[in-house]
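Q: Hi! Could you help me read this structure?

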Amino acid sequence: MAEAGPQPRVDLHCHSTASDGTLGPGEVLRRAAQQGVELLALTDHDTLNGLDEARQAAESLPLRLVNGVEVSADFHGRVLHVLGLNFSSQADHPLREGLAHSDRLRRERGLRIQEKLARKGMADAAERAEQLCENGQALTRTHFARALVELGYCPAMQAAFDRWLGQGKSCYQKAQWPLLEEVVRWITASGGVAVLAHPLRYRLTGAWLRRVLTAFCKAGGSGLEVVTGHYNPDQTRRSAQWAREFELMASTGSDFHSPENPHVELGRLEPLPAGLRPVWAGW
Ligand code: AMP
Ligand code: MN
Ligand code: MN
Ligand code: MN
């Protein structure tokens, strides 16, 4: 795809029921096509489970799908999200093997969160979260937050994180996610591009973000998510500066989870700021 000229409609970050989205992979693909998306990656949390259905749906739709995943990673005790994009579909690649471990971590963490909720008298929310999570798919804090809202323990998702599920809150459970460097290597060894997702959402100081990006680049990371559905123009401008400083390619993705959030829609994104190389330029 050419670097110059009008930018194609690209969305390289979204979720389905394979993790904490509310639409199935096929539904996400059809919605993306309706929204005029030309290049899409489905990037569920720590799982490739939605990709087969997504690929099947893409066959009869006017868009191009590349493989994707959003991997939880640890950097000195902080949780970061690394997007793996356009990796191979081979059954035995290192990313797939690494994610099998993340899947076990997620399951064990889910049980601990359920125990904590039960101890707080909210066993019904613990049970409901599991029902909201599609059979055998990745159980996330989003499922717990949705259950807490549905059962009236919280007025909204944000409150569920602020009160119970956010880091340091009483129902938070830490998980020892794989190290940032390890995750980047899984992705690159599987033929993919590693992109640090939403760099301004970790509430890191400039010095810490510099440490993260230095380690990320050294491990082989080559992209930064410069445009996301949650950013305002000032945040996009700041992310673009980080991409230029570290000579990272720029990615764009809505982080769409559900049609119920009217603020985030598939493919509805600001254009990439000028002077950045799009991560998809060589695809
Ligand atoms: P997990 O990977 O299971 O720890 O869950 C992380 C997910 O929770 C993120 O990908 C978001 O979708 C969601 N999340 C985290 N913080 C918030 C928040 N403050 N409000 C709504 N959703 C959130
Ligand atoms: Mn999520
Ligand atoms: Mn994320
Ligand atoms: Mn995401």
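A: Happy to! One idea to start with: a polar contact is a pair of N or O atoms within 3.5 Å. Also keep in mind that this is a predicted model.

Q: Okay, using that idea, how far is the side chain of Thr142 from an oxygen atom of ligand 1?
A: An N or O atom in the Thr142 side chain is 3.2 Å from an oxygen atom of ligand 1, so the pair falls within the 3.5 Å limit for a polar contact.

Q: And which atom of ligand 1 does Gln158 approach with a polar side-chain atom?
A: A nitrogen atom of ligand 1, at 2.9 Å. Arg141 takes part as well: one of its polar side-chain atoms is 2.7 Å from an oxygen atom of the ligand.

Q: How much of ligand 1 does the protein cover?
A: On its own, ligand 1 has 500 Å² of accessible area, and the protein covers 79% of that.

Q: Where does ligand 1 sit?
A: You'll find ligand 1 in the largest pocket.

Q: New topic: the metals. What coordinates the manganese ion that is ligand 4?
A: His13 and His15 each use NE2, Glu70 uses OE and Asp255 uses OD, at 2.1 to 2.2 Å. The sequence spacing of these donor residues is H-x1-H-x54-E-x184-D.

Q: Where in the chain are His13 and Glu70?
A: His13 is in the loop between β1 (10-11) and α1 (25-34), while Glu70 is in strand β4 (residues 68-75). They are 57 residues apart, and the pair links distant parts of the chain.

Q: What about the manganese ion that is ligand 3? Which residues coordinate it?
A: Glu70 through OE, His81 through ND1 and His198 through NE2, again at 2.1 to 2.2 Å.

Q: What does the pair of Glu70 and His81 tie together?
A: Parts of the chain that are 11 residues apart in sequence, because Glu70 lies in strand β4 and His81 in strand β5 (residues 78-85).

Q: Last one: how far are these two ions from the manganese ion that is ligand 2?
A: Ligand 4 is 4.5 Å from ligand 2, and ligand 3 is 5.7 Å from ligand 2.

Technical notes. Residues numbered from 1 in each chain as written. Chains lettered and ligands numbered in written order. Predicted model: local features only at pLDDT ≥ 70, side-chain atom pairs only at ≥ 80, totals over all residues. Heavy atoms only, no water. Polar contact = N/O pair within 3.5 Å; in protein donor to acceptor, adjacent residues only side chain to side chain. Areas by Shrake-Rupley, 256 points an atom, 1.4 Å probe, with all protein chains shown as cover. 1 Å grid on protein atoms, 1.4 Å probe; cavity = no way out; pocket = protein on both sides within 12 Å on 5 of 7 lines; lining within 4 Å. Sits in = over half its atoms within 2 Å of the grid points. Donors = N, O, S within 2.8 Å, 3.2 Å for Na, K, Ca; no water. Helix = DSSP H or I, 4+ residues; strand = E, 2+ residues; numbered from the N terminus.
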